[in-house]
Amino acid sequence: MYIFLNIILSKRHACDQNDGLVKYGWIAHDGRNFGIQDIYESNQNPFSIRTSYAKHVCGRDGGDWTVRTTVSPFGREPKQAFVSVIFYLSVDSPGWIKSIKNNDKDGFVVHGDNEDVGKFKLKLEMNKEKNADLQFDYTTGNVSLYLIKDELVQGGYFRRVKAKLANLKEYIGLKSVGIELDEANFVGIQVSGFLPLEFDLVFQSDSCSAEERGGVDLKGREFEAALGN
């Protein structure tokens with residue numbers, strides 16, 4: 001799941017016809033193994049969000065999957081925009097997140113175990129050709145997943161962060177609220193940067209063997225081939 005927000009904390013947690021969106025909807029999907037969705041924000045926030053996913057069936061717990069998120073400016077005179085994308089993992093069935101490793105250059109690797117999907121690894125893969133400078137933040141917490149948008153804002157999960165970019169002084173980023181990983185039901189990871197930006201979330205099930213994967217991850221050309229590109 002995703003929460004989208006920009007520097008003035010205009011939040012998007014879901015799409016609604018009353019939100020002033022230009023348009024949104026599925027471009028293509030088969031309901032199970034792949035899909036492509038476009039969201040065009042309002043003229044006040046002239047950028048589009050494309051989320052696409054592909055799945056590789058393997059192992060005994062449902063297999064591997066990858067979600068690619070691409071955020072791009074649109075309009076006749078695209079404005080330079082700084083946008084943050086937050087994705088979160090929720091433990092809503094017996095299970096836990098075992099570890100989170102943060103590498104500022106390459107992103108995050110999350111290891112976990114869940115009753116529904118078994119042991120897994122989730123990697124954040126950045127498109128380095130599109131993203132020269134990015135900021136990363138993450139938090140853990142215990143929140144109601146039905147009210148997550150409001151609880152993150154009201155519960156003090158955001159802070160003003162001094163930016164490391166020449167033409168941006170600060171942005172709104174996630175902060176720790178002092179809840180340990182083994183007590184949390186929620187992990188949020190935020191990627192922020194000037195448009196365009198693009199990243200892949202690569203989910204790998206421990207029950208899938210290297211032979212089933214063909215020795216490659218579902219990313220890059222393999223991901224594009226699974227989408228039919």
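These are my notebook entries on a predicted model of a protein chain.

**Entry 1. Confidence and overall make-up**

I began with the confidence scores. The protein chain averages a pLDDT of 81, and 88% of the residues score at least 70. Residues 1–9 fall below 50, although this stretch has 37 contacts in the model beyond near neighbours in sequence. Where pLDDT is low, predicted coordinates should not be read in detail.

I then looked up the secondary structure and found 3 helices and 15 strands. The chain has 229 residues, of which 45% count as buried. It exposes about 12700 Å², with carbon and sulfur atoms supplying 46% of that area. Among contacts between residues at least 6 apart in sequence, 57% join residues at least 24 apart.

**Entry 2. The nonpolar cores**

Which residues touch the most other members of the largest nonpolar core? I found V71, F87, I97, L124 and F199, in a core of 29 residues. Several strands each supply at least two residues of this core, among them β5 (47–56), β7 (82–90), β10 (118–126) and β15 (197–205).

Leaving out residues up to four places away in sequence, V71 touches F47, S48, I49, V83, V85, L195, P196 and L197. A second, separate core has 10 residues, including Y88, V143, L152 and F186.

Is the peptide bond from L195 to P196 cis or trans? I recorded it as cis, with omega near 0 degrees.

**Entry 3. Aromatic pairs**

I counted 11 aromatic pairs. Y88 and F186 form a tilted pair, 5.8 Å centre to centre with 45 degrees between the planes. This pair links distant parts of the chain: Y88 is in strand β7 and F186 in strand β14, 98 residues apart. Both Y88 and F186 are buried.

F108 and F136 form an edge-to-face pair, 6.1 Å centre to centre with 70 degrees between the planes. Because F108 lies in strand β9 and F136 in strand β11 (residues 135–141), the pair ties together parts 28 residues apart in sequence. Both F108 and F136 are buried. I also noted that ring pairs link W65, F120 and F203 into a cluster.

**Entry 4. V202**

V202 lies in strand β15. Why does V202 count as buried? Its relative accessibility is 1%, and buried means under 20%, so V202 qualifies. Apart from residues up to four places away in sequence, V202 touches W65, T66, K121, L122, K123, E125, L218 and K219. The C-alpha atoms of V202 and L218 are separated by 6.9 Å, the two residues being 16 apart along the chain.

**Entry 5. D38**

D38 lies in strand β4 (residues 34–40). Is D38 buried or exposed? I found D38 to be buried, because its relative accessible area is 11% and the cut-off is under 20%. The D38 side chain makes a polar contact with the side chain of R50 at 2.6 Å. Not counting residues up to four places away in sequence, D38 touches K23, Y24, G25, I27, I49 and R50.

How values were computed: Residues are numbered from 1 along each chain as its sequence is written. This is a predicted model: local features need pLDDT of at least 70, side-chain atom pairs count only at pLDDT 80 or more; totals for chains, interfaces and linings use all residues. Side-chain values use heavy atoms; hydrogens and water are left out. A nonpolar core is a set of buried Ala, Val, Leu, Ile, Met, Phe, Trp, Tyr and Cys residues joined through side-chain atoms within 4.5 Å. Buried means under 20% relative accessible area, exposed over 50%, partly exposed in between (1.4 Å probe, protein chains only). Helices (H or I, at least four residues) and strands (E, at least two) are DSSP runs, numbered from the N terminus. Contact means heavy atoms within 4.5 Å. pLDDT is the predictor's confidence in each residue, from 0 to 100. A polar contact is a pair of N or O atoms within 3.5 Å; within protein, one must be able to donate a hydrogen and the other to accept it, and residues adjacent in sequence count only if both atoms are side-chain atoms. Accessible areas come from the Shrake-Rupley method with a 1.4 Å probe; for residues, only the protein chains shown count as cover. Rings of Phe, Tyr and Trp (its six-membered ring) pair if their centres lie within 6.5 Å; planes under 30 degrees apart count as stacked, over 60 as edge-to-face and the rest as tilted.
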